[in-house]
Amino acid sequence: MEKETTPSKSEWLIMEVFWACDTSLTAKEVIGKIRDKSDMSPRMVRVLINRLCQKGVLSYTVDEHDLRVYHYSAMKSREQCQKEKSRKFVDNYFGGSQKNAMAALLQSGKLTKKQFRELEEILEQNEEKDNDGE
């Protein structure tokens with residue numbers, strides 16, 4: 001079985017803190033920043049940070065003045081995680097068919113004309129990329 005490398009829903013909350021700050025943070029700093037957004041215990045935040053390190057989403061360095069303090073940094077951007085999550089979602093629920101996944105998403109909601117035009121532009125850009133690669 002393939003090792004999970006993307007943040008879970010609760011881990012995503014932790015990552016939102018890192019992506020918003022765009023700097024390294026200690027666990028204590030993350031706990032302080034997430035306190036208003038979640039009722040997670042400090043222990044749970046530390047467990048999730050550890051899991052994110054194991055998944056390669058976060059990295060850490062040890063504080064040179066206090067070996068008990070770790071400074072964590074994001075290794076993957078929000079966009080990288082979204083792309084990986086999307087790919088796994090399509091693989092798991094649509095047999096890898098991007099077309100079927102997109103059709104299901106489009107059929108499950110209403111799009112405004114503006115949103116529809118934006119999607120058309122994205123499709124046209126992707127078509128141009130495909131034609132350039134042939």
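**Pockets and salt bridges, one by one**

Trainee: Let's begin with M102: in which helix is M102 found?
Mentor: Helices are DSSP runs of H or I with at least four residues, numbered from the N terminus. By that count, M102 is found in helix 5.

Trainee: What should I keep in mind about the model itself?
Mentor: Happy to say: this is a predicted model, with residues numbered from 1 along each chain as its sequence is written. Local features need pLDDT of at least 70, side-chain atom pairs count only at pLDDT 80 or more, totals for chains, interfaces and linings use all residues, and side-chain values use heavy atoms without hydrogens or water.

Trainee: Is M102 buried, partly exposed or exposed?
Mentor: Buried means under 20% relative accessible area, exposed means over 50%, and partly exposed lies in between (1.4 Å probe, protein chains only). M102 has 41% relative accessibility, so this residue counts as partly exposed.

Trainee: How much space lies in the largest pocket?
Mentor: A pocket is an open set of points on a 1 Å grid over the protein atoms alone, where a 1.4 Å probe fits, with protein on both sides within 12 Å along at least five of seven lines. The volume is the space filled by probe spheres set on the points. For the largest pocket that gives about 710 Å³.

Trainee: Which elements give two or more residues to the lining of the largest pocket?
Mentor: Lining residues have an atom within 4 Å of a point. There are 14 of them here, and S86, Q98, M102, I122 and N126 lie nearest the centre. The elements giving two or more are helix 4 (78–94), helix 5 and helix 6.

Trainee: And the second largest pocket: which residues lie nearest its centre?
Mentor: This second largest pocket has a volume of about 230 Å³. Its lining has 13 residues, and nearest the centre are E4, T6, K88, F89 and N92.

Trainee: How far apart in sequence are the parts that the K88 and E4 pair ties together?
Mentor: Their side chains meet in a salt bridge, N to O 3.7 Å; the term asks for a Lys or Arg side-chain nitrogen within 4 Å of an Asp or Glu carboxyl oxygen. K88 lies in helix 4 and E4 in the segment before helix 1 (9–21), so the parts tied together are separated by 84 residues.

Trainee: How far apart are the closest N and O atoms of R78 and E16?
Mentor: R78 counts as partly exposed at 28% relative accessibility, and E16 does too at 26%. R78 and E16 form a salt bridge, and the closest N and O atoms are apart by 2.4 Å. The pair links distant parts of the chain, helix 4 for R78 and helix 1 for E16, 62 residues apart, and the distance asked for is 2.4 Å.

Trainee: In which helix do D91 and R87 both lie?
Mentor: The side chains of D91 and R87 meet in a salt bridge with N to O at 3.4 Å. D91 is partly exposed at 39% relative accessibility, and R87 likewise at 41%. Four residues, about one turn, separate the two, and both lie in helix 4.

Trainee: Which residues do salt bridges that share partners join into one network?
Mentor: The structure holds seven salt bridges. Those that share partners join into one network E4, K76, E84 and K88.
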